[in-house]
Amino acid sequence: MARNTILTIILNFRTPAMTLKAAEAALEEMEDLPGEVLIIDNGSGDGSFEALQAGAAARGWLDSGRLRIEASPVNGGFGAGMNIGFRALLSDGTRPDFFYLLNSDAFPEQDCISTLRDFLLKTPEAGLAGSYVHGEDGTPHCTLFRFPTIASEFEGGARTGFISRLLKHAIVPLDIPTAVQQVDWTAGASMMIRRNVIEAVGGFDETFFLYFEETELCHRAARAGWRTYYVPHSTITHVGSASTGMKTWARTPEFWLDSRLHYFTQSHSALYAVAATCARLLGGSIYGLRRLISDKPRADAPHFYGDLTRHHVKRALRPRPAPRPARPFAPDPVLEDNKS
């Protein structure tokens, strides 16, 4: 008899207090659901692992059998950390039927987790499902998207009305609906994935450090016949950028540029990636001209287009080591020895 078990995975990086708050919300939502919560400290190196252990112990979570904590010796990024969870077993030695990915700065609301699971149970073609996300002030966060393309790069750079209308089919962010909608990809702040998907197409591509990893996973799943859905009746509160500091970036970091380039190369081809970068530069030049003749505000991080160009040329002349694409995998028993 199917148990429809869920392993909720929360990845911590130097935010133990917030992670414990997310875990508390997850445990409350998991109370009547079969499964467990797994916190993975992603190589924080600042005492976070010990703080998580102490906080969980003080709350009696470690004795409940519903939560455990593991430590990754290195910070390999979001995907690498989540892959540890994908390989983990439940405490009884069985594989979970579903993986629920929850950001450490995200707090599931009533029936959030069960709504995603129940949707996947009644929708056989669905492999992944994401939630409606809003900020602490109630502002909706867009978490449903089309796959990035050459056309979307041009539109996103140009930010010009008639171009956006002409290429409306390519605009990456989608309008937030009130009903379930099939999408190309959804954000991993609150996402449930069938175990069958992970076993069939593999986990996250660990070449990505941060950003684009959910996009590429959903792209790979789509090629294998699995659909991704946005389920608005599953809701979470999300602080946003608590671990990455994205809101305070002075310049676009190298790892974001690496992830963007790897996504286009891995999902399409190196030639496609070149065309996508050229399209973004062309679109950006159009918006730049508009800024010269009007009071349009800066739309990208300072030096973005110079950094984008230098990065692509540098990677063409000095490629990174061979990528580490995800492959289908079974659970790794060794990870079970690292429980707290």
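This is a predicted model: local features need pLDDT of at least 70, side-chain atom pairs count only at pLDDT 80 or more; totals for chains, interfaces and linings use all residues.
Author: Residues are numbered from 1 along each chain as its sequence is written, and side-chain values use heavy atoms, leaving out hydrogens and water.

Reader: Why is phenylalanine 147 called buried?

Author: Buried means under 20% relative accessible area, exposed over 50%, and partly exposed in between (1.4 Å probe, protein chains only). Phenylalanine 147 has a relative accessible area of 15%, so it is buried.

Reader: What is phenylalanine 147 in contact with, leaving aside its neighbours within four places in sequence?

Author: Contact means heavy atoms within 4.5 Å. The partners of phenylalanine 147 include Val172, Trp185, His219 and Tyr263. Histidine 219 is 72 residues away in sequence, but the C-alpha to C-alpha separation is 7.5 Å.

Reader: What makes strand β11 largely enclosed by the rest of the structure?

Author: Strands (E, at least two residues) and helices (H or I, at least four) are DSSP runs, numbered from the N terminus. Five of the five residues of β11 (residues 190-194) are buried, so the strand is largely enclosed. Ser190, Met192 and Arg194 are buried on one side, and Met191 and Ile193 on the other.

Reader: How do you know that β4 and β11 pair?

Author: Two strands pair if DSSP finds at least two bridges between them. Strand β4 (residues 98-102) and β11 have five bridges, in the antiparallel sense. Tyrosine 100 stands opposite methionine 192 there. Strand β6 (residues 126-134) also pairs with β11, antiparallel, over three bridges.
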